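Subject: Structure for your review

Dear colleague,

Please find the structure below, together with its sequence. My notes on what was found in it follow.

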Amino acid sequence: MDVVTIGESMALFTPNTEGKMRYANTFSRKFAGAETNIAIGLQRLGYQTGWISRIGEDELGEALLSFVRGEGVDVSQVTRDASLPTGVYFKELRHEQDVRVYYYRAGSAASQLSQKDIDEKYIANARYLHVTGITPALSETCYETIMYAISLANKHNVPVVFDPNIRVKLWSSKEKAREVIKTIAKRADIVLPGVSEAQYIFGDYTISEYANFFLENGPSKVVLKEGSKGAHYFTKNESGFVPSFSVDRVVDPVGAGDGFAAGFLSGLLEGLSMEDAVTRGNAVGAMVTMVNGDVEGLPSMEEIHYFIQRDKEDVR
Ligand code: ATP
């Protein structure tokens, strides 16, 4: 596997109409979860990914598994749970700038992920282990599972990529979120926080100070994403900023960070420079915002090249 990831994926319901969800009568059913978004993103770019998770032995679980498998992700490490359901969430698009999510995932099958779900060989054979800050927020056993997987990756010299993906609604307190995110970041090789997430974790500092907080404690590469502005990258010897691509209309901003991670990681897997890998991440992030759904806008490599070229030449 090029990248192995661990976490929860859910059925995602989006109202077919804009505005308050309470008035919506019809919904589209999609599937999403940060970890499968990234796995699917990398598959579309030609990389082999594997997903470790638990899902319910229910109808939504059947459809979710078929969907992720259908995108080419290896689902051999997904355990079915006969007693707990597959998680569900709703995404309310009130308008472009006001997108809200509502989770129905407490007590889901994935919230009971445990160390027993992790096969050491599966992690040892990966080129990268990818984890997010969502999984450790789901339950104590999920937190332990992530720490165990990271310790296996560390043991087998598999670099760990960590996207904090702070979802305030999932944490019991800000202090707990900060403590866990810092603990995981220390054990990671690459961290991909948003600038606003760094502010949430450390308080008010400059972007280079945020980068140094990470670099001084373990990781060798840090990218601080700044939405429509662009992304700042830092290693021990280089740093830079790559502006975002312009987007005519943001249809759905959710999933841009996962798209960024997929594009950026594909660049690292290909041996691109940090600047070029970040440029690729920015392109995928921008392309994801133009389409409704977390994974529907994830591009092929050919589509990325066309998008980047078109931006340079402004041709249509
Ligand atoms: P998420 O909400 O998915 O967790 P995030 O906060 O991790 O997102 P963002 O900084 O919002 O990540 O977006 C990641 C990348 O996607 C940005 O660095 C940028 O390249 C691209 N991107 C996001 N929003 C836009 C936009 N409005 N226009 C162009 N590019 C965008």
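This is a predicted model: local features need pLDDT of at least 70, side-chain atom pairs count only at pLDDT 80 or more; totals for chains, interfaces and linings use all residues.

Two strands are taken to pair if DSSP finds at least two bridges between them.

Strand β1 covers residues 3-6. It pairs with β8 (residues 128-132) in the parallel sense over three bridges. Four bridges join β1 to β4 (residues 49-56), and these two strands also run parallel; here Val3 has Thr49 as its bridge partner. Val3 and Thr5 point one way from β1, Val4 and Ile6 point the other way, and all of them are buried.

Val3 and Leu129 return in the largest nonpolar core, which has 83 residues. They are listed among the residues with the most contacts inside this core, along with Val131, Ala149, Phe162 and Leu265. Leaving aside residues up to four places away in sequence, Val131 touches Ile6, Ile146, Ala149, Ile150, Val160, Phe162 and Ile184.

The four-stranded sheet

An open sheet has the strand order β3-β2-β6-β7 and mixed pairing. Because β3 (27-32) and β7 (98-104) stand at the edges with a single partner strand each, one side of each is left without a neighbour in the sheet. Neighbouring strands of this sheet are turned by 25° against each other on average, direction ignored. Strand β6 (residues 88-95) runs antiparallel to β7, and seven bridges join the two. Among these pairings, Phe90 has Tyr102 in β7 as its bridge partner.

Which residues are closest to the ligand? Of the 23 residues that surround the ligand, these are Gly194, Lys225, Gly257, Asn282 and Gly285. By class, the shell has nine nonpolar, eleven polar and three charged residues. At least two shell residues come from each of β11 (221-226), β12 (230-235), α9 (256-270) and α10 (274-289).

Strands β11 and β12 run antiparallel and are joined by six bridges. Lys225, one of the residues closest to the ligand, has Ala231 in β12 as its bridge partner. The hairpin of β11 and β12 has three residues between the strands, and Gly227 takes a positive phi near 50° there. A further hairpin leads from β12 to β13 through three residues. Five bridges join β12 to β13 (residues 239-243) in an antiparallel arrangement, with Phe241 as the bridge partner of His232.

Yours sincerely

Definitions and conventions: Residues are numbered from 1 along each chain as its sequence is written. A nonpolar core is a set of buried Ala, Val, Leu, Ile, Met, Phe, Trp, Tyr and Cys residues joined through C-beta atoms within 7 Å. A residue is buried if 20 or more other C-beta atoms lie within 10 Å of its own, exposed if 12 or fewer, and partly exposed in between; C-beta atoms are placed from the backbone. Two residues are in contact if their C-beta atoms, placed from the backbone, lie within 7 Å. Axes are lines fitted to C-alpha atoms, for helices over the stretch in contact, and angles run from 0 to 180 degrees between N-to-C directions. A residue is near a molecule or strand if its C-beta atom, placed from the backbone, lies within 6 Å of it. Ala, Val, Leu, Ile, Met, Phe, Trp, Tyr, Cys and Pro count as nonpolar, Asp, Glu, Lys and Arg as charged, and the others, Gly among them, as polar.
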